[in-house]
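Here is a short briefing to read alongside the model. Please keep the sequence and the 3D view open as you go.

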Amino acid sequence: MQRARIILAGVLVGTALLWAAAKGEQNAPAQRSMKYTSGSAESAGAWQKDVRSRLFQLLKMDDLIDKKDAIAFDPKELSSAGRGACRIRELEINSTTNRRIRIIVTSPASQSGPFPGVVCIGGHGSSLYSPYNEDTVGKDVAKAKSDRLYKGFGTILAERGYVTISTTVSRHEVYEEGRLLMGERLWDLIRCVDYLESMPELDRLRIGCAGLSLGGEMAMWLGAMDERIAATVSAGFLTTMDHMEQNHCMCWKFPGLRELVDFADIYSLIAPRALQCQNGMLEPISQFNVPLARKTMEEVRTIYCDLGKPENAVLDVHAGGHEIDSPRLLYFLEKHLYSNRWAEPKNIQP
Ligand SMILES: [Zn+2]
């Protein structure tokens with residue numbers, strides 16, 4: 001009898017706990033309500049449009065998108081110099097009507113344009129010059145970890161006939177009242193695309209973006225939210241939001257984001273446009289590790305398949321760590337932005 005009572009009490013407590021847990025789950029905000037699920041090309045396009053517009057709202061950028069064409073650049077040239085095969089200029093332009101940003105612009109010295117353009121994006125602790133080598137920006141310029149991490153990918157592109165542009169997204173202050181950090185960072189990059197488009201030597205149909213770490217995250221955002229981007233290289237970032245909740249600066253997160261999507265969904269907004277993610281084998285498991293990148297890329301491939309371009313989403317797993325794989329970056333951008341001079345390597349066995 002005593003034993004039966006104990007069992008009954010145990011069952012009652014267990015039921016109560018299960019009920020409380022279920023109720024708690026009900027009260028917690030649902031996560032990833034707009035997760036992409038496989039469907040027709042038409043429904044994939046409608047999903048992208050819907051998610052993009054919800055994200056612009058969360059990012060508090062709606063008003064800026066609406067009045068974009070009315071914001072004049074009012075450029076002020078701070079320096080200009082010829083370096084090797086390109087000319088490099090440092091400028092200040094209006095990002096919004098209340099805020100000016102500094103940009104680096106390189107353009108090929110030759111007159112045989114139009115040229116493709118690439119927005120080059122640095123990560124945490126980076127400066128305006130981080131994507132470039134000293135021989136491009138000048139030895140007097142103090143650079144952040146450029147050589148070891150970024151491999152001077154901006155310089156590589158500049159010397160190979162791309163127009164390149166760079167601005168700084170590494171700050172953590174919000175400048176304008178009513179804005180969000182991620183919204184301001186993304187907006188400044190969208191303005192870089194606007195500036196590229198204003199250059200007569202630029203081919204508007206061949207604009208790409210590339211970045212590492214926070215720069216890889218911002219390349220994801222720019223490729224996802226700005227459909228003018230034809231090719232995106234997102235290095236040292238592909239992962240999940242659950243993983244980013246640990247061991248990372250939390251500047252990626254803002255109210256409403258997790259309830260709506262995960263990173264795989266944001267990358268899915270880039271489809272069917274070209275996307276290369278890069279993750280290094282030497283990334284520690286706590287960072288942007290390869291197994292998690294592979295899993296996330298599998299999710300991203302779903303929409304690329306639905307849109308009939310599975311070959312346009314690639315994961316470059318390289319032998320390095322948290323760094324740019326510059327040969328693969330160049331290979332990918334040549335293929336998608338300089339296809340007239342790109343050729344499939346002949347010595348690769350299937
Ligand atoms: Zn941060």
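α7 has 18 residues, which at 1.5 Å a residue should span 26 Å, and the 26 Å between its end C-alpha atoms agrees; the expected span is 1.5 Å times one less than the number of residues. Helices are DSSP runs of H or I with at least four residues, strands are E runs of at least two, and both are numbered from the N terminus. This is a predicted model, where local features need pLDDT of at least 70, side-chain atom pairs count only at pLDDT 80 or more, and totals for chains, interfaces and linings use all residues. Residues are numbered from 1 along each chain as its sequence is written, and side-chain values use heavy atoms, with hydrogens and water left out.

**Helix α7**
- Because 17 of its 18 residues are buried, α7 is largely enclosed by the rest of the structure. Buried means under 20% relative accessible area, exposed over 50%, and partly exposed in between (1.4 Å probe, protein chains only).

**Zinc site**
- His124 (NE2), His172 (NE2), Cys249 (SG) and Cys251 (SG) coordinate the zinc ion at 2.1 to 2.2 Å. Donors are N, O and S atoms within 2.8 Å of the metal (3.2 Å for Na, K and Ca); water is not among the atoms, so sites may look incomplete.
- His172 sits in the loop between β5 (163–166) and α7 (181–198), and Cys249 in the loop between α9 (241–244) and α10 (257–260), so this pair ties together parts 77 residues apart in sequence.
- His172, at 39% relative accessibility, counts as partly exposed.
- Cys249 also counts as partly exposed, at 36% relative accessibility.
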